[in-house]
Amino acid sequence: MAQIWLIVVDGFELFDVAAAIQVFEAANTAHGEIYGRSFYEIHIFAPAATPVRGAGSTILNISALPADFGENVHTALVIGGTASHMLSASSTHTSRARDWILQHRSKIDRIASVGTVGFTVADAAHRRTGRPDARRLWDAVAASAGMKLALKLVADDLGQPIAIKVTEQIGASWEPISAPFRFRSGLPARATGDSRVIALHAWMDENLHERLSVETLAERVAMTPRTFGRFYLRTTGITPARAVELLRLSRACDEIETTPMSFKAIALRCGFSTEEVMRRVFLRVLKMSPSDYRRQYRAGTQQGSQD
């Protein structure tokens, strides 16, 4: 089973911890109804063998993170509080959590976070690796509510249909699931204010039908392909090829939502070499086919109009 490790840091909100656990447990139930087994194995740890203090009066006495372990951790979810807790004497847990992730990052498939402190821990561990690995850093790592982030993780792991079942089971109301699910590339947030990357993304978005090779992109920013590849990975956390793929997928989703065009026509218009290539990208990234995406979007739209 996929190991989910909740790493609780001083200043945590109790609701974030409980909500995340509830989402993963509900996902196990939904997965079990379809496949006859749970998907997640959930563990809760503190960075050290001392009590962890919450934002209120809650104190958790839980096991410390292990110094060594065998099976890879599927997701390390750091749950912390606000920035004020980083300045307090109790921030020892923050530094220990960061050090532990740095030490074991090669055995952690994905890092996610809740709260400002949680984001700081995950982001620092990511930046200090020297070679950012987008596969090991959750795309939406940010200060986000525990339930909302857990739902996103479930949707990423098991697909939108199971994520929707989870919201129904726990009575959650989360717009990206209760409303029609719409995929977008998220590249604007990755530009980190660099004007060169912002301009490049805009140009890429207007020229998706072209062959957007690393050489072509490098030329746009007056860099050698080797220098550009390093620059882009360092700035955005993903490779240029991955960025092109996400932009094309995002455009394809937009076309599916707003036009009756065939999937073959959409694939060619968005720069995919064939309809099958586009289909494989949909399955790999969204865990659903283009036809599934169109079906669930239409169903969500109809449900929204009825509501």
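Visitor: Which residues are linked into a cluster by ring pairs?
Guide: The model is predicted, so local features need pLDDT of at least 70 and side-chain atom pairs count only at pLDDT 80 or more, while totals for chains, interfaces and linings use all residues. Residues are numbered from 1 along each chain as its sequence is written, and side-chain values use heavy atoms, with hydrogens and water left out. Rings of Phe, Tyr and Trp (for Trp, the six-membered ring) pair if their centres lie within 6.5 Å; planes under 30 degrees apart are called stacked, over 60 edge-to-face, and the rest tilted. By ring pairs, the cluster takes in W5, F45, F69 and W100.

Visitor: Which residues does P66 touch, not counting residues up to four places away in sequence?
Guide: P66 sits in the loop between strand 4 (59–60) and strand 5 (75–79); helices (H or I, at least four residues) and strands (E, at least two) are DSSP runs numbered from the N terminus. Contact means heavy atoms within 4.5 Å. Three members of the ring cluster, W5, F45 and W100, are among the residues that P66 touches. With sequence neighbours up to four places away left out, the list for P66 is W5, F45, W100 and H104.

Visitor: How many Å separate P66 and P47, C-alpha to C-alpha?
Guide: In sequence, P66 and P47 are 19 residues apart. In space, the C-alpha to C-alpha value is 9.0 Å.

Visitor: P66 and H74: what is the relative accessibility of P66, and what is the relative accessible area of H74?
Guide: Buried means under 20% relative accessible area, exposed over 50%, and partly exposed in between (1.4 Å probe, protein chains only). H74 is also found in the loop between strand 4 and strand 5. P66 counts as partly exposed because its relative accessibility is 22%. H74 counts as buried because its relative accessible area is 18%.

Visitor: How many residues of the contact of helix 4 with helix 5 are nonpolar, polar and charged?
Guide: Helix 4 contributes M147, L151, V154, A155 and L158, and helix 5 contributes Q160, I162, A163, V166, T167 and I170. Ala, Val, Leu, Ile, Met, Phe, Trp, Tyr, Cys and Pro count as nonpolar, Asp, Glu, Lys and Arg as charged, and the others, Gly among them, as polar. The contact divides into nine nonpolar, two polar and no charged.

Visitor: What is the angle between the planes of F228 and Y232?
Guide: The whole structure holds eight aromatic pairs. F228 and Y232 form one that is tilted, 5.7 Å centre to centre. Both residues lie in helix 10 (residues 225–236), four residues apart, about one turn of the helix, and both are buried. The angle between the planes of F228 and Y232 is 40°.

Visitor: Is I238 buried or exposed?
Guide: I238 lies in the loop between helix 10 and helix 11 (240–258). Its C-alpha atom is separated by 9.7 Å from that of L187, 51 residues apart along the chain. Because its relative accessibility is 3%, I238 counts as buried.

Visitor: Which residues does E255 touch, not counting residues up to four places away in sequence?
Guide: E255 is placed in helix 11. E255 is buried, with a relative accessible area of 8%. Its contacts beyond four places in sequence are M261, I266, R269 and C270.

Visitor: What is phi of A222?
Guide: A222 lies in the loop between helix 9 (214–220) and helix 10 and counts as exposed at 71% relative accessibility. Its phi is positive in a residue other than glycine, near 55°.

Visitor: What is the positive phi of K287?
Guide: K287 lies in the loop between helix 13 (275–286) and helix 14 (290–306). K287 counts as partly exposed at 37% relative accessibility. Although K287 is not a glycine, its phi is about 60°.
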